[in-house]
4 protein chains.
Amino acid sequence: MDMDRLKEIGIVERLVHPAQKAQLTSREFQAESSFVNVENVSIGSQKLVIIAGPCSVEHREQLLEVARTAKQLGASMLRGGAFKPRTSPYEFQGLGEVGLRLLSEARDETGLPVVTEVLEAGKIDLLAQYADMLQIGARNMQNFPLLKSVGRSKMPVLLKRGMMATIDEWMQAAEYILLEGNPNVVLCERGIRTFEKATRNTLDLAAVPVLRKQTHLPILVDPSHATGSRDLVAPMTKAAVSAGADGVMIEVHPSPQNALSDSHQQLDLDEFAKLMQELEPVARAVGRRLR
Amino acid sequence: MDMDRLKEIGIVERLVHPAQKAQLTSREFQAESSFVNVENVSIGSQKLVIIAGPCSVEHREQLLEVARTAKQLGASMLRGGAFKPRTSPYEFQGLGEVGLRLLSEARDETGLPVVTEVLEAGKIDLLAQYADMLQIGARNMQNFPLLKSVGRSKMPVLLKRGMMATIDEWMQAAEYILLEGNPNVVLCERGIRTFEKATRNTLDLAAVPVLRKQTHLPILVDPSHATGSRDLVAPMTKAAVSAGADGVMIEVHPSPQNALSDSHQQLDLDEFAKLMQELEPVARAVGRRLR
Amino acid sequence: MDMDRLKEIGIVERLVHPAQKAQLTSREFQAESSFVNVENVSIGSQKLVIIAGPCSVEHREQLLEVARTAKQLGASMLRGGAFKPRTSPYEFQGLGEVGLRLLSEARDETGLPVVTEVLEAGKIDLLAQYADMLQIGARNMQNFPLLKSVGRSKMPVLLKRGMMATIDEWMQAAEYILLEGNPNVVLCERGIRTFEKATRNTLDLAAVPVLRKQTHLPILVDPSHATGSRDLVAPMTKAAVSAGADGVMIEVHPSPQNALSDSHQQLDLDEFAKLMQELEPVARAVGRRLR
Amino acid sequence: MDMDRLKEIGIVERLVHPAQKAQLTSREFQAESSFVNVENVSIGSQKLVIIAGPCSVEHREQLLEVARTAKQLGASMLRGGAFKPRTSPYEFQGLGEVGLRLLSEARDETGLPVVTEVLEAGKIDLLAQYADMLQIGARNMQNFPLLKSVGRSKMPVLLKRGMMATIDEWMQAAEYILLEGNPNVVLCERGIRTFEKATRNTLDLAAVPVLRKQTHLPILVDPSHATGSRDLVAPMTKAAVSAGADGVMIEVHPSPQNALSDSHQQLDLDEFAKLMQELEPVARAVGRRLR
């Protein structure tokens, strides 16, 4: 390794060995747990954060109906995809800015802060006009330029675990964001890919206590994408809270069977109401609260 | 396929197409949930079944100390390995019949029924003298002659999921046992093998509600083997109960750091006491009880 | 750990630390590569060993037709299942001893030594009457009592890799056999379980050079079970030989579409003939020969 | 799903059902195999394409030495990373434009076309000034905006398989590029993530014949990243060619032990020369040639 040459061209300062500095995400760097504030919502506190909303924003009535019900039932934030990462280019790609405007409208009416996915750095400014938190999806967990860009934006970031990412790689992806001066990162376990086919992915709930020990960042769980099946969302939500998660993100749709994406895994409004009711005593049993 | 020839040699009656009969393990065959009784313990009832004990039986004091504490804290059954399946032939292989006698003694003193692992059909009669329930370990989940043998024994069977087994394959392994006339099968999720290295295996808690829908058999969870780390046992036990498990199997040792096997994942007696205390409100929150 | 007590009960001699002795399977123990002789066939030599035959023995004509063709085309050994490990108890379980007699008859006619799977220790004596090599299937790779039993039998053993077994665990499974005084062990890579669904398993050909470096035992590859698709058998056979395998085991059936098991992955006789023809120059290119 | 509303806002034309049109990547769409031309190199022809070069461009001498040797030994293209996707932000991130200039200089001297990785759409124009082919790395296989951007660039694209991507998802990622009017896509298998730890990833060579049947696009293999170990590169290169690959991409470095990245898996110049020599007869054995 030709250090002199590297010094000449002025890049040697980037060659910092990991062991030379405490990782910003680690408990060694910061022992006490972090809170991430998204408008009036504090993620990481005793009160569980429930993020609810449809997979994709489809139209005004759909979104407003979900938002109002979610608010009334005790959810803290609204989710909804406007730019959707889809396996096939022939699948519904989201409403784009039209969807963002609807999210913003729903927030204005209900007061629920909005989280939505960002797929490319060039759209961050646009998203910042309408949303309160940026989601980095599983497929982009190691999209390093995007991580740096959301880091520079200073907006709260929901960083989902990659389907193929170890917990350690996930922590290092978060490190990219913190290193740009943005400490507002929330981790979200959403299932990993395994040989099992009965579920869409395998929800790795042990990741919650593993992370809790290693990092001060708040930790959420997404049982909808992990399981891919609405029947499994309620038990896995309760399990996630019992395992110590700071909250959950749940896909809710007024009419899941007609959804433009993820129709098998979204709860309808009644199912979501039932889940919130069942979740309350579980939250209390582990020293948390829903309201 | 030469059916006539097969008929001639008298084996055609084995060629039953799966679709021709309801699987004995399925809800289609039996809609209501099964109870499996092991002496005075009913697995599958409202009362959670906690099976506690050391990975390996090592000596009298070790086992009796665990058994007495487990009994006092509300455990229903005692576990302990006498014949151990070990990756390397140079590792401790268990005390064999000496260990069985100690298990039997601990049962006589505490009244806790005993479950222990069976590695080969030739040992079933011996095990039946000392134990109340036979465990089929993960590595033997598709040891079909052994499944048939425990089926013929009619003893209660704890069937652990293979590290590489789909839920569907696991159900079919249970089918082998039921088909021999033994309905006393309890399933036990213990983690599957994935790329993640932070835990020994990945505990697939979604398997609990998936199985609940498909089968009438009781379902337990083993958070000790799944995680391989004592810190993770308590959160994953609570998560398992919240996901709907009928109970858990937990490795407990008076002095884990000196254990002959699995020293990283066994709880000590204080940790187990603390877990039982924390578990009680969680059990109640999902309509279960510990006592 | 109470060593004194363990000594008293006479089991301390089993507690040998792995580091205290060289593993019998390792290159440290034996630097030069081993040959395993099965009758007149030497596995591990410059001449590649091609084992061909049907998944299951079904009837005399089926087996004899395959055996004669295999012999004529340059195969060295005959395979065929008589006792079949099947995921479901409702699937064809093999002809049992009837099948063994047919295998023996085919060997007598063609001179090809026979390998067939053993599922339980109690059948080893029976199998020894008819077969020349015992196969331990993927599901039994960690059936330790069975490994010890085939070890004591001293018969040549074909040890398939478990679907979820690391290479290291596989080596240690072989160690169980060698430790009983049986050095005649051949390893056979047959695919591991992954998330990919386009193939039945994922053939891990890198295991061949990894093993070559670590162990002196011969190494075969089974492209039929690994891929589960007849179209893929020829390219993966050529790849296996190029990666350095000492031979391959290929499923061949006179009429695959009518096979009682694995109908999708068995080659018909013409496909096998074509493969043998294409394989010859590849073998030569890597310093091997087929005849 | 409110189609009328979607029509109103003008996005309904994006909602094309996959079944409505043949996938552009499929053999149904184009039966004959495609050639992708990168300057004077035709990928997909009888002549195998060998892409060689260091993991990261480090300095002029390093790169030129590799390029000259590669050219002399029969390689067709030069690889080298200037913008590196690194798990940790504290690892060497590449020389950036300095590296691109060196790549361009090496091309000018040797005539070898250059392929280098693109991490973000905003850098495509810059890369286009210096490189002849853009690589989409494993972590960006489902970075859909980036796929669309390289599609619009019309430059030849080397699309690596994601570590946890099914073959089907990989094909659909390629579809994103073709759909933008860029047919110049080459697929590159580079190993998938499994439980096995003896290799960095598990090289899925069966993907080569699976893809060959489904798609007309050329297929390469990267044994360096797949295995992570220089000892395994030669056998797996020969295996890849035997499995039907159109070429390979191999990491070569004048002094691997001093490399700034991937030091364990890069071949030195002598190892590369030896591999090229050994590969020649294997190529011929499967109807291919190296020169």
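Visitor: Which residue stands opposite A:Val157 of strand S7(A)?

Guide: In this predicted model, strand S6 (residues 133-136) of chain A runs parallel to S7(A), and 3 bridges join the two. In that pairing, the residue opposite A:Val157 is A:Leu134.

Visitor: Which residue of S8(A) is the bridge partner of A:Val157?

Guide: S7(A) is also joined by 4 bridges to strand S8 (residues 185-189) of chain A, again in parallel. S7(A), helix H6 (residues 167-179) of chain A and S8(A) form a right-handed β-α-β unit. Within S8(A), the partner of A:Val157 is A:Val185.

Visitor: Are the residues on the two sides of strand S7 of chain A buried or exposed?

Guide: In a regular strand, side chains alternate between the two faces of the sheet. Here A:Val157 and A:Leu159 lie on one side, with A:Leu158 and A:Lys160 on the other. Both faces are covered, and these four residues are all buried.

Visitor: Why is helix H5 of chain D largely enclosed by the rest of the structure?

Guide: The elements that cover its buried residues include helix H4 (124-130), strand S6 (133-136), strand S7 (157-160) and helix H6 (167-179) of chain D. Among the buried residues of H5(D) are D:Phe144, D:Leu147 and D:Val150. The helix is largely enclosed because, of its 10 residues, those buried number 7.

Visitor: Which helix gives the most to the side of chain B that touches chain A?

Guide: The contact takes 35 residues from chain B and 35 residues from chain A. On the side of chain B, the elements giving two or more residues are helices H6, H7, H9 and H10 of chain B. With 7 residues, the one that gives the most is H9(B).

How values were computed
Residues numbered from 1 in each chain as written. Chains lettered and ligands numbered in written order. Predicted model: local features only at pLDDT ≥ 70, side-chain atom pairs only at ≥ 80, totals over all residues. Contact = placed C-beta atoms within 7 Å. Buried ≥ 20, exposed ≤ 12 C-beta atoms within 10 Å, placed from the backbone. Pairing = 2+ DSSP bridges. Right-handed = clockwise from strand over helix to strand, strands pointing away.
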